[in-house]
Amino acid sequence: MSIPVNIDLNDHKRGDRWPGISAIGPVLINGVQPAETLTRVRMHFVKRTKTFKLDSDATKEPDAPITISDAATWAVVIPEVQDFIPCSGDWSWDMEFYSGSNTSPLTFYSGVLTVVDDITK
């Protein structure tokens, strides 16, 4: 298993709503469904000192939610985001998965999202 898998997301136009990700998973670890139940997923986009946070745990006050659609198979959905990343540039991101009583995540995915400037600002 190679962790994390690099996925460069499609470019995004600043100010537009982001379509989210309709399906992530089911996740397999070494070709096998994890024995523990998925308890939390978080995804952070980072550009220098700025961070845009998505999280399945609403108590962490994310900028946008992530939905665990099937905790047993580690399937996740990121719904459409109306107010997405506020400025243009290349945003590095990673996605972390928490399971059972583990306090440390497994980072399966990472990449870059390029946000292109709009002319109407």
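**Figure 1. Strand 3 and strand 8 run antiparallel and are joined by 2 bridges.** Two strands are said to pair if DSSP finds at least two bridges between them. Within this pair, isoleucine 21 stands opposite isoleucine 78 in strand 8. The view is taken from a predicted model, in which local features need pLDDT of at least 70, side-chain atom pairs count only at pLDDT 80 or more, and totals for chains, interfaces and linings use all residues. Residues are numbered from 1 along each chain as its sequence is written, and side-chain values use heavy atoms, with hydrogens and water left out.

**Figure 2. The protein chain as a whole has 10 strands and 0 helices.** Helices (H or I, at least four residues) and strands (E, at least two) are DSSP runs, numbered from the N terminus. The radius of gyration of the protein chain is 15 Å, close to the 14 Å that the globule rule gives for 121 residues, so the chain is as compact as a globular protein of that length. This radius is taken over C-alpha atoms, and the globule rule is 2.2 Å times the number of residues to the power 0.38. Along its principal axes, the C-alpha trace spans about 50 × 30 × 25 Å. Of the 121 residues, 36% count as buried; buried means under 20% relative accessible area, exposed means over 50%, and partly exposed lies in between (1.4 Å probe, protein chains only).

**Figure 3. Strand 7 and strand 8 form a hairpin with 4 residues between the strands.** The two strands run antiparallel and 3 bridges join them. Aspartate 70 stands opposite alanine 75 in strand 8. Tryptophan 74 is placed in the loop between strand 7 (67-70) and strand 8 (75-78). Although tryptophan 74 is not a glycine, it has a positive phi of about 60°. Most residues other than glycine have a negative phi. Tryptophan 74 is buried, with a relative accessible area of 1%.

**Figure 4. Arginine 48 lies in the loop between strand 4 and strand 5 (50-55).** This residue, which is not a glycine, has a positive phi of about 50°. Arginine 48 is exposed, with a relative accessible area of 74%.

**Figure 5. The peptide bond from glycine 25 to proline 26 is cis.** Its omega is near 5°. Most peptide bonds are trans. Proline 26 is found in the loop between strand 3 (21-24) and strand 4 (38-47).

Figure 6. Methionine 43 is buried, with a relative accessible area of 0%. Neighbours within four places in sequence are left aside here; the residues in contact with methionine 43 are then Leu9, Phe52, Lys53, Leu54, Ile66, Ile78, Trp93, Asp94 and Met95. Contact means heavy atoms within 4.5 Å. Methionine 43 and threonine 107 are 64 residues apart in sequence, and their C-alpha atoms are 9.6 Å apart in space. In the protein chain, residues 24 or more positions apart account for 65% of the contacts with a separation of 6 or more.
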